[in-house]
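I open this notebook to record what I looked up in one structure. The entries follow the order in which I took up each topic.

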Amino acid sequence: MYFDHAEGPVFRPPSEAASFILRVTIGCSHNACTFCNMYRSVAFRARPMHEIMDQIAAARPYAQHIRRIFLADGNALVLATDKLLAILRELAGSFPRLQRVSCYAGPKDILRKTPEELAALREAGLKLVYFGLESGDDLVLKNINKGVSAAEAVAAGQRIVAAGIKLSVMVILGLGGTANSERHAQNTALAINAIKPHMLGALTLMLYRGSELLAEFERGSFVPLPPAGIMHELYAMIHAIDLPATNHCLFRSTHASNHIAFAATLPKDKEQLLADIKTAETKLSRITNWDPYNNVE
Ligand code: SF4
């Protein structure tokens, strides 16, 4: 649900399908990850307050149905804290049944906020942040031009959790290709162990038209993992994830990009999850005609 005619595509996490999508920015201020083409067609800009208020005014007649609001586009936390607080207060005053506000956030934007600012945002209604970690490995992060080191990405995730905001971390299976699969699995697991997110989503790499990574693949400098290799990598990652027994991290690998869907709670279901991944790897290793172009979109 959104009430906006501004330029550019609108993306939201699958779990925000029933949310009011409030576009507080257009595009992504980073817009340079080599695997991503989401906002390539649009120049980044922060929306002026009157454009945001117009969207809220248009949504008010539907207030009885609005319980969740997602602040789009790519990294809403890039906005100044005062502006975000003003938006959150307007939302709380406009939608009496509102239960949570969420957004995507980039690591650099998180680290620009102090712990006190993040706590103020939580108090004002920001309850959930979706954070694209992608990988916990420095070399993979450098190769994909994420713009942060693994240590910075971990510090950003930890800062959200420490502020009492729910954190959903996304990682991308296959992002290191065949060359860096093992280090991607191991170091991403270490990052997850350090962050202890509330939710963990594992997507599978797609090669998007217009992305640098597709061009690297076509030049032969990036070799994607076949489906069984993706399962092997996921097994190694989950095996190395070691969360305290008190954690209840919802693990989901149910995105349209995934070859096989998995859902579990970590660490409680870890052994069963590993067994299921192993079974999937055996099954997918029988595929002999896999074509990387199947993963081009
Ligand atoms: S992956 Fe996220 S941060 Fe990177 S360019 Fe795409 S939207 Fe921006």
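**Backbone exceptions and their surroundings**

I began with Asp73, which I found in the loop between β4 (68-72) and α2 (81-94); helices (H or I, at least four residues) and strands (E, at least two) are DSSP runs, numbered from the N terminus. The model is predicted, local features need pLDDT of at least 70, side-chain atom pairs count only at pLDDT 80 or more, and totals for chains, interfaces and linings use all residues. Residues are numbered from 1 along each chain as its sequence is written, and side-chain values use heavy atoms, with hydrogens and water left out.

I noted that the peptide bond from Ala72 to Asp73 is cis, with omega near 10°.

I then looked up phi. Glu134, in strand β6 (residues 126-134), has a positive phi of about 65°. Glu134 is buried at 8% relative accessible area (buried means under 20%, exposed over 50%, partly exposed in between, with a 1.4 Å probe and protein chains only). Lys196 has a phi near 55° and sits in the loop between α7 (181-195) and β8 (199-204). Its relative accessible area of 34% makes Lys196 partly exposed.

I asked which side chain Arg23 meets in a polar contact of 3.0 Å. The partner is Asp73; a polar contact is a pair of N or O atoms within 3.5 Å, where within protein one must be able to donate a hydrogen and the other to accept it, and residues adjacent in sequence count only if both atoms are side-chain atoms. Arg23 belongs to strand β1 (residues 20-23) and is buried, at 0%. Beyond four places in sequence, its contacts (heavy atoms within 4.5 Å) include Asp4, Glu7, Arg47 and Ala72.

Val161, in helix α6 (residues 150-162), is partly exposed at 25%. I listed its contacts outside four places in sequence as Leu167, Ile195, Lys196 and His198.

**Whole protein**

I counted 10 helices and 10 strands in the protein. I noted that 51% of its 297 residues count as buried. The C-alpha trace spans about 55 × 45 × 35 Å along its principal axes.
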